[in-house]
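These are my notebook entries on one protein chain.

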Amino acid sequence: MARRKFSGTCLLFLNEYVCSIFIFFVVIISCNTDKKLSALFTLLDTKHTGIDFSNNVTYTEDFNPYTFRNFFNGGGVAIGDINNDGLPDIFFCSNQHSNKLYLNKGNMQFEDITNKAGVASENVWNTGVTMADVNGDGLLDIYVCKSGDSSSHNRSNSLYINNGSLHFTDEAHEYGLDNKGLSTHAAFFDYDKDGDLDCYLLTNSFKSVGNYDLVKDQRKIVDTLGGNKLYRNDDNHFVDVTQQAGIYSSKVGFGLGVTIADIDKDGWQDIYVSNDFFERDYLYINKHNGTFEECLEKYIHEISMNAMGADIADINNDGYPEIYVTDMLPEDDARIKTKTNFENWDKYHSNISNGYYKQFVRNTLQLNNGPMPDSNKVNFSEIGRFANVSATDWSWGALITDLDNDGKKDIFVANGIYKDITDQDYIQYTAAAYTEIRQQILDKKNDVIKKLIDLIPSTPISNYAYSNNGDLTFTNKSKEWGLSQPGFSNGSAYGDLDNDGDLDLVVNNVNMPCFIYRNEAVQQHPENKFLQIKLEGDGSNTFGIGAKVTVHYNNTMAYQEQMPMRGFESTVDTRLTFGLGKTAKIDSVAVVWNDGKTNILKDVKPNQLLTIKQKDAVLPPVNHQPAADKTIFTIEHDHYGIGFTHKENDFVDFDRDRLIFHMLSTQGPRMAKGDVNKDGLDDIYICGAKDQSGVLYIQTKEGSFKKSNETLLAKDAVSEDTDALFFDADGDGDEDLYVCSGGNEFSPNSTALIDRLYINDGRGNFTKSPQVLPSYIFESSSCVTAADYDADGDIDLFVGVRLKPFSYGYPCKGYILQNNGKGIFTDVTNTAAPELLKAGMVTDARWFDYDKDNKPDLVMAGEYMPVKIFHNEGGKLKEVTATLNMQNTNGWWNRIQIADVNNDGYPDIIAANHGLNSRFRATQQKPVCMYAADFGNNGTIQQIVTCYNGDSAYPMVLRHDLVAVLPALKKKYLKYESYKNQTIEDIFSKEQLDSATKLEAYTMQSTVFINNKNASFTAKPLPASAQLSCMYAIAAADFDKDGNTDILMGGNFYESKPEAGIYDASYATVLKGDGKGNFTSLTPQQSGISIKGAVRDMQLIKKGKKELIIVAKNNDQVQVVSH
């Protein structure tokens, strides 16, 4: 810690004048030094460090990316103290040259001891490296994985046993770890809790990816040549227990990352394996009996497709570890348009049906929600897009750790591929020239393949350093932190190389010098404290692998697991470093070892290295589990006779509207509540899909529900129900039923789009009215709401229209249907509300008296629409959206609800939006836009969606998709390179754009709009849990009986193109209101809510004295919740 400090001794020998001058220059020099050190990290050069390692690879005609697909995957790096002198040393893997071992001499200076240490390796392809005390003698050993040419015999993995004198001996064969598969990395951990370290060996399949037909159950077929392995340590000999332990070991295991953690916090180590290409990842949960259950699909809903490196750590200080996996999605438009391809809808669904799950080209961050109320098992929400960490280009190593000691774990991503082998122009060229290239190979022309590879672009790119904002979001600070040097980075590791209290970084690069970054956090931010912990385990597990450390300070719980094997093919320092922010005191440090014993230290001082020994640990007293706190909601397993399952028809919107990203035909089901037989009990109607009739459930006195009017409703099964409403249409004192007909499946001439009015005879028996509603223009209705807007004593209707068939994007009409008092309705929109003639693409509407003048006003919302408000002026509706400060609220609104959330007596608006966990982000300054027009002059409408990327907006559609729909553009964009950074103004003429319908969205946040007592509305975005997915269903009531309105919201959406990704991060969210318009998210453990699936509606009903919430889900069974 002495570096860059000025000695004060000389000042004693200077007179006061000279001293003042000296201090003046010291200040100037210090300021200049601070400027130089303004970056958090300093890249050290070879002259300073003595490290001259570069992982240089050279392709030839015989050995290259075509003959070995992982040619440019690079190698790992390990940081560990091999001689126990307190200074972490560094080991680099080299693919075509010798590995290197550097001894730390202090002051960030290192000595190459490779040869004298006995770890040199020539003529072998090294990949991943692990430092672990394999034989339990207190010294770190080194395990190196080998790969490369599958015909090579020099491919046995090496286990370098540390002899204690800076010398190692390869004893892989003696230990049973000389595997000859194409190994990627190894993780040593004590899975069976017998006190020694076992080994999970990750491999990458021998077989060519193109040789698979994606048939089912391939992962269950054992690969006798390779395959992942689990080895149990039996007295320092490793025994293959792969099959009996339940581990997949197949030819489709394209493993690039293995990460160990106690995922479910049950005290046993679990395994996460990230697989490249089409095979999905594996999540093995430890069953405590020497076996594992692979249950990724039970815990996680969506994953990365080209999964590479991974890390597992707690990003939000709740004590539960998150999972971060890297992929290949670029951030900037140019590389998206030239290097990226996505699967189409058909291929995506084929993958799912064949067992390869829901995979998407992007990094994924799985938020650990903890044990869920319905199963007591942890579940994850994928929030990578919300967190801003989903797109980091061709990414390898992922490390989650606190880089600036502020108490929040950050994310470092190592990036780059030496040759852009997914360059779309290169792929297009080789495909076009296939016959010629094949003939050249057959003719044995010189260097045919090598010349092909020479043509592939090579573009160094920056690594990413994400600063944790403390709200589940991150900001890329690679440039500000000094980590933005372009390169081809792969393996990476962290450790405190200079023992100053912050974590330095080491990065292994292809065909360029490695990066050694010195962290300046302690010097630049001395206000941020730290605590380092060195664990000393008993028995063979000398470094305490698997131990859990929790540091409590300043109402914060910081949690880490001792598991050095992390990221991509790499190992981090075994000493745990906790950034503590500005705290001056640590309340306690708790260590839980694998045997259950615990150390608890109180009142620990920060800024020190603390050694904690397992021999000092004790078994905690046996405490009976305290009774769980009573939750607000309970998941009911009895559906009380409501056995409805919504079944979507087989229709793919993308086959017709080929440039849209989200289907429009899967918006249901909605529900309606009423008392149809006047027995005082709540009945419920649930909307059906196309070719499925809706169902009316009548509540019995016994509290169960029975179907009614089945024959009548079955006659209209061809229609898709999009909304329903019980109201007294004919003024006879009972509730009639209006059902909207919509969807995107029908033509403009289809009578299936006619809405339906069913008249009640007073006893719950219905007859269909012959009226054609809402008009003889067949459109896709979306919502219906009722009020006596003209004060004539009967109930009138507003009916909203979602879209015009075959013309999605064009504005639609909202209908005011005036009741004659006998249930006959007339369209009076032209006179009563002419501004509704082009209302927009309406998704929902409500009548409410926002100004308390005793006249119902109208609020509506929709896609690319503001939340519009129409004031009732004596039976005429006038739009006052701008007057009420709502004119810039354009969003992708799905649903609205009315409630007084701040207890001021005025109704407020709760609005469910698309959310922020999406590639589609919008602000007023940087909107999401859609242009709808017949751009091809062929009689069909195309929709071009643009989003901002940086300071410019670009179409989201890729070149090949655009020219497939608009072939006239192919000549303009012959190459992908010519399409990059093209704005919509570059693609289409001014005349074309002027004639197009342009729609804009400014916000994607679900929001509550506070009514400022008739003057205006103020938008207040809801908490993060309401932004993690598309929201549809809203229930508002005082659920916890504290006198304040709370909100229950549900959503999710699955029918989106793979390039957009699905939206499945919500398990429904409960927002507790404070009575002042503010809301706090409750965890599932607090609320009792855990609802999976695509929630579309919620209805509060009473069943005797019990209050139920009926939850309707798209293409799924109804769920019942009580409170």
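Which residues does Phe 920 touch, not counting residues up to four places away in sequence? I worked from a predicted model throughout.

**Entry 1. Core residues.** I listed the partners of Phe 920 and found aromatic ones, Phe 661, Trp 892 and Tyr 1063 among them. The list also has His 662 and His 914, together with Val 928, Val 945, Cys 947, Met 956, Met 1004 and Ala 1060. I then looked up the core around it. The largest nonpolar core has 65 residues, and Phe 920 is one of those with the most contacts inside it, as are Tyr 324, Tyr 738, Tyr 864 and Val 928. Strand S50, residues 796-803, gives the most to this core, with four residues. I also noted a second, separate core of 58 residues, which includes Val 129, Ile 247, Ile 271 and Phe 543.

**Entry 2. The chain as a whole.** I recorded 18 helices and 72 strands in the protein chain. The radius of gyration is 32 Å, close to the 32 Å that the globule rule gives for 1123 residues, so I note the chain as being as compact as a globular protein of that length. Along its principal axes, the C-alpha trace spans about 100 × 75 × 75 Å. Of the 1123 residues, 63% are buried. Among contacts with a separation of 6 or more, 61% are between residues 24 or more positions apart. The chain exposes about 41400 Å², and carbon and sulfur atoms supply 50% of that area.

**Entry 3. A hairpin.** I next looked up how strand S64 (residues 1007-1011) is joined to strand S65 (residues 1017-1021). The two strands run antiparallel and are joined by five bridges. Within this pairing, Phe 1009 stands opposite Ala 1019 in S65. The hairpin has five residues between the strands, and Lys 1013 takes a positive phi near 55°.

**Entry 4. Aromatic pairs.** I found 42 aromatic pairs in the structure. Phe 71 lies in the loop between helix H2 (46-49) and strand S2 (77-80), whereas Trp 125 lies in strand S6 (residues 125-132), so the pair ties together parts that are 54 residues apart in sequence. Both Phe 71 and Trp 125 are buried.

A further tilted pair is formed by Tyr 191 and Phe 292, at 5.7 Å centre to centre and 45° between the planes. Tyr 191 sits in the loop between strand S10 (183-189) and strand S11 (198-203), and Phe 292 in strand S17 (residues 292-294); the pair links distant parts of the chain, 101 residues apart. Tyr 191 and Phe 292 are both buried.

Finally, I traced a cluster linked by ring pairs; Phe 71 and Trp 125 belong to it, along with Tyr 59, Phe 63, Phe 68, Phe 72, Tyr 418 and Phe 488.

Entry 5. Is Asn 306 buried or exposed? Its relative accessible area is 13%, so Asn 306 is buried, given that buried means under 20%. I located Asn 306 in the loop between strand S18 (303-304) and strand S19 (310-313). Leaving aside neighbours within four places in sequence, Asn 306 is in contact with Asn 275, Asp 276 and Phe 277, with Thr 326, Asp 327 and Met 328, and with Val 361.

Terms used: Residues are numbered from 1 along each chain as its sequence is written. This is a predicted model: local features need pLDDT of at least 70, side-chain atom pairs count only at pLDDT 80 or more; totals for chains, interfaces and linings use all residues. Side-chain values use heavy atoms; hydrogens and water are left out. A nonpolar core is a set of buried Ala, Val, Leu, Ile, Met, Phe, Trp, Tyr and Cys residues joined through side-chain atoms within 4.5 Å. Buried means under 20% relative accessible area, exposed over 50%, partly exposed in between (1.4 Å probe, protein chains only). Contact means heavy atoms within 4.5 Å. Two strands pair if DSSP finds at least two bridges between them. The radius of gyration is taken over C-alpha atoms; the globule rule is 2.2 Å times the number of residues to the power 0.38. Accessible areas come from the Shrake-Rupley method with a 1.4 Å probe; for residues, only the protein chains shown count as cover. Rings of Phe, Tyr and Trp (its six-membered ring) pair if their centres lie within 6.5 Å; planes under 30 degrees apart count as stacked, over 60 as edge-to-face and the rest as tilted.
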